[in-house]
Every structure is written in C-alpha cells, then in structure tokens.
Amino acid sequence: MNARLDVIKTCKLFIGGAFPRTESGRSRPVLDGKDRVIAHVCVASRKDMRNAVEAARKAAPGWMDATAYLRGQILYRMAEMLEGRCDEFASAISSTTGVTPAKARREVEASIDRLVRFAGWADKYQQILGCQNPVAGPYYNFTVPQPTGITGVLAPTSPSLLALVTLVAGPMCAGCPVIAVASDSTPLPAVLFSEICATSDVPAGVVNILTGQRSELLEPMSRHREIAALLGANLSPSQRTSVQEAAADNLKRVHLVKHSDAQWEDDSLVASPWNIQPFVESKTIWHPSST
Amino acid sequence: MKPIAPDTHEHDASPTGEWDYSPAPERTPVKIEESHGLFINGTMRAPKSRKRFDTINPATEQVLSSIAEAGAKDVDDAVQAAKAAQGPWARLKPSERAKYLYRIARRMQERSRELAVLETMDGGKPIKESRDVDLPLAAQHFFYHAGWADKLEYAFPGRNPKPLGVCGQIIPWNFPLLMAAWKLAPALACGNTCVLKPAETTSLTALKLAEILQEVDLPPGVVNIVTGAGDTGAALAEHPDVRKVAFTGSTEVGKILARSVAGSNKKLTLELGGKSPNIVFADAAIDQAVEGIVSSIWFNQGHVCCAGSRLFVEESIVDEVVDKLRHRMQSLRVGDPLDKNTDVGAINSAGQLETIERYVDAGEHEGAIMHEVNNQPLPTKGYWHRPCFFTGVQPSHLIAREEIFGPVLSVMTFRTPEEAISRANNTPYGLAAGIWTNTGSKIFEIARKLDAGVIWCNTYNTFDAASPFGGFKESGFGREGGRHGLQSYVKF
C-alpha cells in the first residue's frame, strides 16, 4: 500500500467560466482500461443545459463584438496552455479510451496544432467568405459574415480530445459562444479541456462544457430557442432525425458531420473556412454611390 | 372593412391637382391557353390526377385559364424525369451548360413584354413593376448564373463542388417568374435538375417559361414544372429521390418543411417571412427617406417578404416624416394593374385580402390610428386594398409583430440609436432592414448591429442577381444570388 493516498480530482461541469456540480446531484464513475474507477464525472441535466445557455447568452455580445485579432490570440493561448499539459492529457486519453500512449500523445499534439490553425483563421475567413458584389446600378454592395449566435456542440466518442477541440474551435473562431456536450463514454479529456478554457483568457460563458448522457441532453439542446446553431458529429440516424425535427422550432442552423478517426486529422476537411461558414450569417449591405 | 373618415390634413388634396391621368393601358397581346398541362420530361401533358383548378385575374376576377393540379403520381413522374436527366446534364461540358442558360436569358429578354403582361394579369402587380423589375431581374438571374457553370471551382477555395441531384423547388406568388429564375438558374448552373412548383394563384408565367425552355432546346427532364397547391408541394418535398428542397414562403410552412425533411439527408434552404425594420434618423435626407418608405412598403402591394413594414422614426422628426408620408401616399395611384400609371395594383387573392383586412381591423381595434389613400374610388370588381399606415402603434400590437404581406405600415418612434437597434432586433425574423442617415460612421455601426441578411442604407428594396439575399433567424437559411447563392446547390 502506498504511504500516501492520491488526491483525486472532482470532475465538474464548466458553465459561465465556473466549475459547478450538476444541479441534479448525479455523477457516474469513469473507468480505466482495467475497470478501475479513476474519476467521477457529473451527469448534467436539462437544467444545467439551460444554465449553460444563460451563461452563453451573457457572453455572446462581447464575443461577437471582439476583434478577430483578439479571438485569434485567445485560440492561440488555448494552444499554449494545452502544450504545457500535454502529458496529463495524453495519459487521460490513453487510460480512459484504450488508445496507446504514443497515439494519445499524437492526438494531443494534433489538438494543439488544430487550435493554432483556427487561431490563424480567426482574422482571415472573413476575406474568404465575404465579398464585394458587382451589382448593375449605382450602389456599393458587399457581403460580410457575422456570427450566427449560441452554438450547441455534440462531440463524438473518438477521437475524444481532437474532435471536441475541432468542433469547439470552429464556432468560437466564427464569434459564436459554444455549449459542448462531451462524449458519454470518453468524457475525461473534455473535463480537462474545460480547465484549458478557464486558464486561456476565454471570456466566461464563451465555452461551456457539459458531461452526461447525449440521449438526455440532445432534446433540450436542439429545442432551446436561444441556441441558434447545432454542430454534431457521428450521430445515429434516429438522433439525426430528432435533432433536425426539434431544431425546426426556431430554424436552428444544423450541421451534422460523420468522420472516421483518420479524417479528424485532415485539416482541409475539418479546419477550413467551410468549417467556420456554417456558424456565420452572410449580411449584404447596400448603399447608393451617387453624389 | 370599416369606412374611414376622410383625412382633413392640409396636404390631403391630391398632389396631382385638378386634372386626372388618362388611362394608359399596356396593350401587348398575350396568348393564354384555355387549359394548361404539366411540364414533364420536355412536354406538356395532362395530369394523371385528372384534377384541375382555375387561375383568375385578381383585378377582374375573370378566369384566365384552367391549371392542372399535379397529384403524387404526377410529381413522381416529374422527379423520375429529372433524375434520369441529371447525370447527362451534370456530365455536359460546363461551358455548354452555360450556353443553355444564356439562351434562356436572351429569350426571356426578347419575350419580356409579353411575360410582364401575363405576370400582371395573373398576379395583380402593376405593369410598371413587372416590366421594369420582375422581368429584367429574372433574365439577369439566368445570365449571371450561366457564367458560373464553368467556374464553380473558383467559387469555393479548397473544395471540389459537385451537384446535389434533383432539386424540388417551391415558390411563392409575389414574384412568380422572378422566384422561378432565382430557383432554377443557380440549380441548373451547378449541374442539378429541377422540379419546380409555382404557387397556385400564379402558375402562368412559369408555364410560359416552359415554352421558352422548349424553344432553347433544353434537354427534356432538366426542368419540370408541376402546378398545384400545398399537397403538390408536400409530395415534392417528401419525394425520396429529391436531394434538395428549396422553399420561399411563410415561416410557418418553412418550419413544417424543415420537420418533414428531418433525417432524410436532403439539403434544405428556406427564404421565409419578415417584419423588417426601416429606421429613419433625424440626420437623414428626409425627402429621400420618404421615397424610401414608399418603396419599402407599397412596392408590389406590400407582397414582399423583405417589406419594411415596421418604420422607426427618430422622435424629433416624426411629425415631419408622417406629414410628408401622408402627402406622398395620396399621390399613389391604385387600380388597373395593366395601366402604365398605376403604382399599386390588385391584391393577389381573395384569401390574402381577407388576411390583410383582418390585420387592419386588429390594428384599429388595438388602438392604433389608420391613415390611408382616399383620393380615388377603387374598382368594383377584383381584390383591392388601399395603401395605408398606422400611427400610435405599440410594439405589442399585432400589426407591429406579425407579417401582414400587404400595403400596411406601422409607424413607431425611438429616441436613441441603441433603442432603435434593440427594437428593430426584437423579432424572431431577420430578413432585411433599412437605415436612413447621412452620417457614414452611424450607417456602419447600425448595419453591423442589425440582425438581418440584407441591409439597405439610404435605399430600400433594391435587388440584383449578383447580390446575396436571405435571412437571419426565423427568416430562413441559405442565400440566393451572388457567389453565396451557389452554395445552396452544391455539395463538397
């Protein structure tokens, strides 16, 4: 027996920049590869979802109005903080998801690089997605992207960190506050990632992360009228249908993707302006150009 | 509708003075078949449903033609024709595909007067507007998109755009031919084939367009036109071989469609309703702003999804703006849509007239004050509603919240730019907005903060094939026009 007892971290939700327990008081164990309990995570409720939306709503005006340069620097700061905790993340991934330590380390490195890539996009996608329009008349006419609003993210089981980071960074880059639901079965990297957000100058409420059951949180997320967009990965056919049906209530922009583990490593597939575009609205502005 | 006491304001004499306009009817003859079939696989044929309905001229209530009502079997035939045509159409050399669209644009220009007259007869809009707005824009839409057909790889950096397949496209009655062009041109340019369903009150110009498609030798099945009402549209949207549903119409129907395609992997774009704010600041050029208000709400009888139906005027100038608006409104000529002097034509249908009257009654019932054109009698036959505006409107009033889709304006006031922005954005809609001020920095700040897909600054209701159009929030998603509109018709 060890001379010293380990101090085990209590895993909590991440809402509005704080780490509250779920209001439901529920938690469940996270097991390692040998079925040993290595942590407990919160099982968030629909009330926690509503609290997260409220936090995101408070954060929305500031984040949507932040300069593109600032959003880029904050995404870059997240990469810096993740780099510093590379070992801890790699160990959390390999101990709870069954991937080898070497592969887990590569996933953390890919996640860091993914954040750097989106940091760079923050002040560039506007020039790719926007344009001036050659209308047939005496008008100056141009189209600019603006953030859609609060975005709900449904992360897949695998790759547990890289997919979550990718799905959160795209809408963030677009200027949208995010509420992410971690994977049911591999939530530990998401819990650690909330600590990265908390220490990277991400304004409170811009990123909110809930652990729990996708089946329970899917409905309140896709039906909530203050959520403007949804980004989900690897949903089952019945989940796709129920999300799209519920989202019709307020015409949420629903963007559902299905990728293999290898595809999550492909920057051109998952980290291009076309991964930011679903979370912006194109605004076209006309002004007469006569004297 | 209740009779309205004549307004006694000093400006209320007709600004045209003692003399009156002589009639100036547009006389270009149009041949209208007594009955129409469905346009499927390049030919006109009778509906298997054996059902028909009449289309009337809303200005005279006279029957213009008998229209086929496509049933599920007809819709299936149209979709199968489109499906069979899609592969060869997509494999056609893109520059050749472009040439078909250029041909369509040219034939529309050549036949534009005839099409304009038909549009006005079937829909009730003034000939001035169908001739000078609908037709030129519809032709431009084909011409603009023709050129994209062989350049799509430049529209989406880093991506390889592919056609979606068969597009089911459902369009409204307010700009019938123009909406057909908005739907068909980008879909065809991107290599898709189409089944188009016109609105049931305005099928004739789409069917005339089918003649043009035959004239330009468009391959059979590339465009199919199925006429009918909501059931026809539902059969089209729900057809399993349709890969893309594009709809322009009400938010209510848009949500029903969004639910009906849930889980189907169909791509969906929606251009829905609006209750667009038009904001006039004290430092605006007032006379120009008044002209802008006129075109924002009385263009096309107010049957415009982006109509500026909520007018916000800075409190210090509200009396001046309302005076000038009342004066200007009296100069609007309401009546025969085929008369070249007509400014406001017929309401599209009896049903829409009822809707408008219900809102106007609600406005008066809730305590707002109505002002309307009162200088001329309305025709005895047909569906008519005088252009009007309400003052004393509270934000909670029905007429300030819901889309009326008629020539009815709600006038409200504000004191600060912040108040104007928050009240303008306080709606589930987000289609368009107007800003009137001569301060450049204010324009950009307000334009940035308004939640709307189209912002008209010191102008209103201007359109162009190169300019993306579409809404924020519950006004729908996807864009039509410009490079952005192409994305609705490709997959990566």
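The following legends describe close-up views of a predicted model.

**View 1. An open sheet of 10 strands includes strands of chain A and chain B.** The strand order is S3(A)-S4(A)-S10(A)-S17(B)-S16(B)-S11(B)-S12(B)-S15(B)-S14(B)-S13(B), and the pairing is mixed. Strand S3 (131-132) of chain A and strand S13 (369-372) of chain B are at the edges; each has a single partner strand, so one side of each lacks a neighbour in the sheet. S13(B) is joined to strand S14 (residues 388-391) of chain B by four bridges in the antiparallel sense. Opposite His371(B) stands Phe389(B), a residue of S14(B).

**View 2. Chain A and chain B are in contact through 30 residues of chain A and 35 residues of chain B.** On the chain A side, the elements that give two or more residues are strand S4 (139-147), helix H9 (237-247) and strand S10 (280-288). S10(A) gives the most, with eight residues. By class, the side of chain A that touches chain B has 13 nonpolar, 12 polar and five charged residues. S10(A) and strand S17 (residues 454-457) of chain B run parallel and are joined by three bridges. Within this pair, Thr284(A) stands opposite Val454(B).

**View 3. Domain 1 and domain 2 of chain B have C-alpha centres 30 Å apart.** The assignment gives domain 1 as 38-272 + 472-491 and domain 2 as 274-457. Domain 1 of chain B brings 20 residues to the contact, and domain 2 of chain B brings 28 residues. On the side of domain 1 that touches domain 2, helix H3 (112-123) and helix H4 (127-146) of chain B are the elements that give two or more residues. The largest share of that side, three residues, belongs to H4(B). Six nonpolar, seven polar and seven charged residues make up this side of domain 1 of chain B.

**View 4. The largest nonpolar core has 255 residues.** Ala155(A), Leu164(A), Ala180(A) and Leu101(B) have the most contacts inside this core. The element that gives the most to the core is helix H5 (residues 176-189) of chain B, with 11 residues. Domain 1 (38-272 + 472-491) and domain 2 (274-457) of chain B both give residues to the core, so it lies between them. Beyond its neighbours within four places in sequence, Ala180(A) is in contact with Val153(A), Ala155(A), Leu164(A), Leu167(A), Val168(A) and Ile209(A).

**View 5. Helix H13 (residues 417-425) of chain B has the buried residues Ala420(B), Ile421(B) and Ala424(B).** These residues cover an arc of only 95 degrees around the axis, which puts them on the same side of H13(B). The exposed residues Glu418(B) and Ser422(B) are on the face turned away from the buried side of H13(B). Among the elements of chain B that cover the buried residues of H13(B) are strand S11 (277-280), strand S12 (310-314), strand S15 (408-414), strand S16 (432-436) and helix H14 (440-449).

**View 6. Strand S9 (residues 244-248) of chain B is largely enclosed by the rest of the structure, because five of its five residues are buried.** Lys244(B), Ala246(B) and Thr248(B) lie on one side and Val245(B) and Phe247(B) on the other, and both faces are covered. In a regular strand, side chains alternate between the two faces of the sheet. Strand S6 (residues 166-170) of chain B pairs with S9(B) in the parallel sense over four bridges, with Ile170(B) opposite Phe247(B). S9(B) also pairs with strand S10 (residues 267-271) of chain B, in the parallel sense over five bridges. Leu268(B) of S10(B) is the bridge partner of Val245(B).

**View 7. Backbone geometry is shown at Pro159(A), Asp35(A) and Gln301(B).** Most residues other than glycine have a negative phi, and most peptide bonds are trans. The peptide bond from Ser158(A) to Pro159(A) is cis, with omega near -5 degrees; Pro159(A) is in the loop between strand S5 (151-154) and helix H6 (162-174) of chain A. Asp35(A) has a positive phi, near 60 degrees, and is located in the loop between strand S1 (27-31) and strand S2 (37-42) of chain A. Asp35(A) counts as exposed because it has 7 C-beta neighbours inside 10 Å. Gln301(B) has a positive phi of about 60 degrees and lies in the loop between helix H9 (286-297) and S12 of chain B. Gln301(B) has 33 C-beta neighbours inside 10 Å and therefore counts as buried.

Key. Residues numbered from 1 in each chain as written. Chains lettered and ligands numbered in written order. Predicted model: local features only at pLDDT ≥ 70, side-chain atom pairs only at ≥ 80, totals over all residues. Pairing = 2+ DSSP bridges. Domains from an automatic or database assignment. Contact = placed C-beta atoms within 7 Å. Nonpolar A, V, L, I, M, F, W, Y, C, P; charged D, E, K, R; others polar. Core = buried A, V, L, I, M, F, W, Y, C linked by C-beta atoms within 7 Å. Buried ≥ 20, exposed ≤ 12 C-beta atoms within 10 Å, placed from the backbone. Arc of directions from axis to C-beta.
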